[in-house]
Structure formats: structure tokens, C-alpha cells
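Colleague: Could you walk me through this model and tell me what stands behind the terms you use?
Modeller: Gladly; let us look at it together.

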Amino acid sequence: EVSMSKRVIIGLLITSLLIFAAGNAFAQAVDATDTVDVNIEVEEVLAIELEGELVATFVVGGSPAAGALPEIDSTGATASYLQYTSTVAAAQTRSIDVSSNALPPAGLKLTIKAGPPTGHGGVGDPVAGGVTIDSTYTLNADLPLVSGITSCATGIGATQGAPIYYVLDIDEATFASMVTAVAANVMLLTFTITD
């Protein structure tokens, strides 16, 4: 016959062995490890689009005071928004250039300006003062408009990106060559993002 104290000791011993075994099993589960390889490849991305009004219309004439230069109505030249996405290699930058397939009518000059871009990342910096296309411009020549672009996304909302403004002025140096025209003079502006 086993005494009560031996039963308690045997019971405590069995309980201790069970707790030790459970502890070892639990410790093994916690200490178990495995690995997974995660491969991430970042590809080069380059996309550009104009959002908003895609036609800028100016009317030169108006009702100037006698002796004053003609007036320029620019109500048909609202801002459009240049939206772009870019991913680049380390230390690489991009720029946005604008070019034209035609000159403005003699006696006029067109200035294209970019405002500060919205977005995430290195959206770049507008060229101070914008670019001007006048009688001295070489057709289809790229003029820098936004520089220092790195990896970025400007956003795709109606007023996100870099606002583009169009300003038409009288070119006093060539004003004597200005003549009226029955049809509108059409200039096609091309915006290009390049390395």
C-alpha cells in the first residue's frame, strides 16, 4: 500500500514531467523557423498625358485706344494639366520638353509656363519664366519646361499634375510684319518626357 505522501510526490513528479514535456513541445514550436525568398523587380516606367482643355484659343484685335497695341483675348486659353509617372535608375533625372510644329503669326510670341506640380516623389521643378516660341524659334526643337524629375507620380485628378499656362503677347520687334488672316493659325505643341 502506497502512503498518501508518496502518492502526492508521485503525482507531483508526473505533473512536473507532463509540464516539462509540454514546455519542450511548445518551445520547439516557437523556435521553429523557415524562410521565404521575396524577389522584387522595379521596372522603368515613363508615361505622360495632358488633362483638361487641349485647345488654347487667342483672338488678337479687340478695341484698343488709338495708338495702342491690339488687344489679346485669352479667355479661350485655360490651363491644362500635365500628368506623368516616372521611375528611374539611381542618380538619373528626366525632364519634360515642349516643341511646336509651327510659329505663331508674325508680330506675336507664345510663352508656355508650367506651375508647381502636385504628386508624390521627385515631380521636378518648372523652368523659371517658361519657354517662348517666337520668330526666332526653330521648328520642332525641344525646349525644357520641367527639369529634375526622378521617380514620381503627379496624380490623375482633373487638376493634378503641373498646370500649363499659355500666354500670347505682341512681339514689338516683329509687329510690323503682323497681317490679318481669314483662318486661324494652328500650332501643335508636343510635350515629351525624356532622360
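Modeller: Let me begin with pairing: two strands pair if DSSP finds at least two bridges between them. Strands themselves (E, at least two residues) and helices (H or I, at least four residues) are DSSP runs, numbered from the N terminus. The model is a predicted one, in which local features need pLDDT of at least 70 and side-chain atom pairs count only at pLDDT 80 or more, while totals for chains, interfaces and linings use all residues. Residues are numbered from 1 along each chain as its sequence is written, and side-chain values use heavy atoms, with hydrogens and water left out.

Colleague: How many helices and strands are there in the chain?
Modeller: The chain has one helix and 13 strands. Along the sequence, the pattern is α-β-β-β-β-β-β-β-β-β-β-β-β-β.

Colleague: What is the order of the four strands in the open sheet?
Modeller: The order is β8-β10-β5-β13, with antiparallel pairing. Two bridges join β8 to β10, and because at least two are needed, these strands count as paired. There, P126 stands opposite V146 of β10. β5 and β10 are joined by four bridges, with D97 opposite P144 of β10. Between β5 and β13 there are six bridges, and S95 faces T194 of β13.

Colleague: What makes β8 and β13 edge strands?
Modeller: Each of them, β8 (125-126) and β13, pairs on one side only.

Colleague: Why is R94 called buried?
Modeller: Buried means under 20% relative accessible area, exposed over 50%, and partly exposed in between (1.4 Å probe, protein chains only). R94 has 2% relative accessibility, so R94 counts as buried. This residue lies in strand β5. Touching, or contact, means heavy atoms within 4.5 Å.

Colleague: How do you know that the side chains of R94 and D195 make a polar contact?
Modeller: A polar contact is a pair of N or O atoms within 3.5 Å; within protein, one must be able to donate a hydrogen and the other to accept it, and residues adjacent in sequence count only if both atoms are side-chain atoms. The side chains of R94 and D195 make such a contact at 2.6 Å.

Colleague: And G129, is that buried or exposed?
Modeller: G129 has 56% relative accessibility, so G129 counts as exposed. G129 sits in the loop between β8 and β9. Apart from neighbours within four places in sequence, G129 is in contact with T111 and K113. Its C-alpha atom is 9.3 Å from that of L145, 16 residues apart along the chain.

Colleague: Which residues touch the most other members of the largest nonpolar core?
Modeller: Of its 24 residues, these are Y84, I112, L145, I164, L189 and F191. Strands that each supply at least two residues of this core include β4 (80-87), β6 (108-114) and β10 (143-149). β12 gives the most, with five residues. A nonpolar core is a set of buried Ala, Val, Leu, Ile, Met, Phe, Trp, Tyr and Cys residues joined through side-chain atoms within 4.5 Å.

Colleague: What does I164 touch?
Modeller: Beyond residues up to four places away in sequence, I164 touches L50, L82, I112, L145 and F191, among others.

Colleague: What share of the chain is buried?
Modeller: Buried residues make up 25% of the 195 residues.
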